[in-house]
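These are my notebook entries on a structure that I examined entry by entry. Each entry records what I looked up and what I found.

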Amino acid sequence: MKKGYFGDFGGQFVPELLMPPLLELERAMETIVRSEEFDRQFKALLKDFVGRPTALTRCDNLSQRLGLDLWLKREDLAHTGAHKINNTMGQGLLTKMLGKGTLLAETGAGQHGVATATAAAKLGLECVVYMGAVDIRRQAHNVRRMELLGARVEPVKTGTQTLKDAINAALRHWIAEQRDTHYCLGSVVGPHPFPEMIRDFQAVIGREAKAQFRERVGRLPDMVVACVGGGSNAIGMFHEFVPEPGVELVGVEAAGSGQPDCYHSATLSLGSPGVLHGTRTKLLQTGQGQILPSHSVAPGLDYPGVGPEHSDLQASGRARYVSVTDDSALAAFQTLCRTEGILPALESSHALGWVLDNARDIKPGSSVLLCLSGRGDKDLEIVEQALASQKESKGD
Amino acid sequence: MKSSLLTEKIRAANASGRIALIPFLPAGFPDKDRFWEELAALDAAGADIIEIGMPFSDPVADGPVVERASLQALAQGVDLAWILGELAARRAGFSAALVLMGYLNPVLQYGVAAFARDASRAGVSGVILADLPFEEAVDIKRILTAQGLDLVPLVGLNTSRERLAMYAAQATGFAYFVSVLGTTGERRTLPEEVRQKLAVARQVFDIPVALGFGLKTPDQLKGLEGLVDAAVFGSALIKHLEAGGKSAEFMAAWS
């Protein structure tokens, strides 16, 4: 297979000026990331700082209600409240070992920005985060968190002023500042070697979950489910199970409002192949190859592309990709709060929403392992607004 | 190998004792009609080659001026079909050679083979794709070459001698040397390393070397005599036009 590709997807579609830092990263994947010293320090950070291993929780009440055996991998319990920190600690450590002084990141909702700022503070690095001006207004709380952690948040006022344009701005900054700056990309997207490197940092999710599940249940789950925006929690969860033919893999995308012609983020379900942000993958685009705005009630799923490895897992049939609407995710959010005492992120609520909506079509008694990628405290405002407007429209 | 019109144009300018002038104008800027007027004016004012920008929603190699102009063009419905159709209708109307510059995805969705065929029929001589580095260019380059189109490589201050040589072994037309480690957009001064690196590029490439990104005034080229065969300017020209200036005035300073 061609270097940096997953089947037909992946590659390095970047300006020549970014090839030297990408080639440097490729070498670092071999010399630094695979070294014993890196492994030792990374494991120590994940254990003592991030709080790994995260718990595996059986949903006793929901399991009974659904006639399934439902388990949650609790990434919401990781430091900063989501799986994002696994990646930023890995890339932060790599940055330090490369001898660079600054971590650069993009962020949509602010979760990856917070996780990057956290890694930078812990590891003694400078931190610059690009964030769309629209997102800055929507997620003011996370902007304050990043600033408290010492990061400089740069507003992006071009294009859609959201995540996609924040990535453009971060790539531009990286072109100019590559000598002392590492671009800490937040998901398994972008040019090679990012999708592979970030997958490897996130693969700890599936490794732990597989071992925990085996220990508790004595076998492998029948089905593994995760939400997919860029797809980093999903690939981190799936990676360990891809070689296990008995385990069905399901990725859940955001269908938006579900109305015809609505903006959504169901890239794998409804998109087509193209090149964006350095990689060939499925995209939401016009017939002329212009990138379309995306939407989801879950800010972390709001991206018009997806990791190239997911495009390949879909093409090969090894994983199945489905989508659920904002309303399904909101219903699942409330259900998990009330039945299990866990407040899930709206992103993870999409994965759960699919299980709840489709439980009848899953063989009774099946064991389902779901990646609860983050906690939902960050989403309270969105949830309250959405529930209020649901109530209003029902009252009409 | 068939000689390239782009190479010939630059060599002809050099032979008459000047560097070749390559203005860049985003297609459909400042609007769909005036674009063709400005293009004709640039041609009449002595442009040797004109780069026409193919707009893309996510132009990562461009600074704010070109990005804004591209998004404006998109908002007016400018797409590849319009650019290639209008160019075909005006074929042979320009004495400057034409190059299309943009990003890969719109070309992929148009279809690379169809793009190469239609661009060639429309009188285009070369293509620059800002997000297509050497490693990913093999198949596309073959398709463009088959239609007589040059794929002009972008290289820069951080391109190693080895990578320059990789490009040089295959490139036709001219090599585009990016003057700054950054995006398009005018700078007051060029970094000191430009001179040194340009000298290396001149050794490695047989084809002419054009300098671009960050050019605003001819003064910036002082000290680079003999190292640069052509100069590309985009953002400064766009700003000049936005401020109500004329292409001919802008070109006059460079001629």
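Before listing any contacts, I note the rule that I apply: two residues are in contact if their C-beta atoms, placed from the backbone, lie within 7 Å. I also note at the outset that this is a predicted model.

**Entry 1: L292 of chain A**

I looked up L292(A) and found it in the loop between β12 and α13 of chain A. Which residues does L292(A) contact, leaving aside its neighbours within four places in sequence? I found L284(A), Q285(A), T286(A) and P304(A). I then checked burial, for which a residue needs 20 or more other C-beta atoms within 10 Å to count as buried, and 12 or fewer to count as exposed. L292(A) has 17 C-beta neighbours inside 10 Å and therefore counts as partly exposed. I also compared its position with that of L45(A), which is 247 residues away along the chain; their C-alpha atoms are separated by 38 Å.

**Entry 2: the domains of chain A**

I consulted the domain assignment of chain A, which gives domain 1 as 5-47 + 84-198 and domain 2 as 51-81 + 203-395. Taken over C-alpha atoms, the centres of these two domains of chain A are separated by 23 Å. To their contact, domain 1 of chain A gives 35 residues and domain 2 of chain A gives 34 residues. On the side of domain 1 of chain A that touches domain 2 of chain A, the elements giving two or more residues are β2 (9-13), α2 (36-50), α4 (84-98), α5 (111-123), α8 (163-177) and α9 (194-202) of chain A. Which element gives the most to this side of domain 1 of chain A? I found that β2(A) does, with five residues. By class, I recorded 16 nonpolar, 15 polar and four charged residues on this side of domain 1 of chain A.

**Entry 3: the sheet containing β2**

I followed β2(A) into an open sheet of four strands, in the order β1-β2-β12-β11 (chain A), with antiparallel pairing. The edge strands are β1 (5-6) and β11 (272-276) of chain A, each of which pairs on one side only. β1(A) and β2(A) run antiparallel and are joined by two bridges. I looked up F6(A) and found that its bridge partner in β2(A) is F9(A). Helix α13 (residues 308-316) of chain A lies across β1, β2 and β12 (278-283) of chain A, and runs at about 45° to β12(A).

**Entry 4: helix α7 of chain A**

I listed the buried residues of helix α7 (residues 140-148) of chain A: N142(A), V143(A), R145(A) and M146(A). Why do they lie on the same side of α7(A)? They cover an arc of only 160° around the axis, which puts them on the same side of α7(A). The face of α7(A) turned away from this buried side carries the exposed residues A140(A) and L148(A). Among the elements that cover the buried residues of α7(A), I noted α5, β6 (126-132), α6 (133-138) and β7 (152-156) of chain A. G150(A) follows α7(A) and has a positive phi, near 95°.

**Entry 5: backbone exceptions**

Most residues other than glycine have a negative phi, and most peptide bonds are trans. I searched for exceptions. The peptide bond from R52(A) to P53(A) is cis, with omega near 0°; P53(A) is in the loop between α2 and β3 (56-58) of chain A. H192(A) and P193(A) are also joined by a cis peptide bond, with omega about 10°. I placed P193(A) in the loop between β8 (181-183) and α9 of chain A.

Q161(A) is not a glycine, yet has a positive phi of about 55°. Q161(A) lies in the loop between β7 and α8 of chain A and is partly exposed, with 18 other C-beta atoms within 10 Å. In chain B, F213(B) is not a glycine and has a positive phi of about 75°. Is F213(B) buried or exposed? With 27 C-beta neighbours inside 10 Å, F213(B) counts as buried.

**Entry 6: where chain B touches chain A**

I finally looked up the contact between the chains, which takes 31 residues from chain B and 26 residues from chain A. On the side of chain B that touches chain A, α5(B) gives the most, with five residues. I recorded the classes on this side of chain B as 17 nonpolar, eight polar and six charged residues.

Methods. Residues numbered from 1 in each chain as written. Chains lettered and ligands numbered in written order. Predicted model: local features only at pLDDT ≥ 70, side-chain atom pairs only at ≥ 80, totals over all residues. Domains from an automatic or database assignment. Nonpolar A, V, L, I, M, F, W, Y, C, P; charged D, E, K, R; others polar. Pairing = 2+ DSSP bridges. Axes fitted to C-alpha atoms, helices over the stretch in contact; angles between N-to-C directions. Arc of directions from axis to C-beta.
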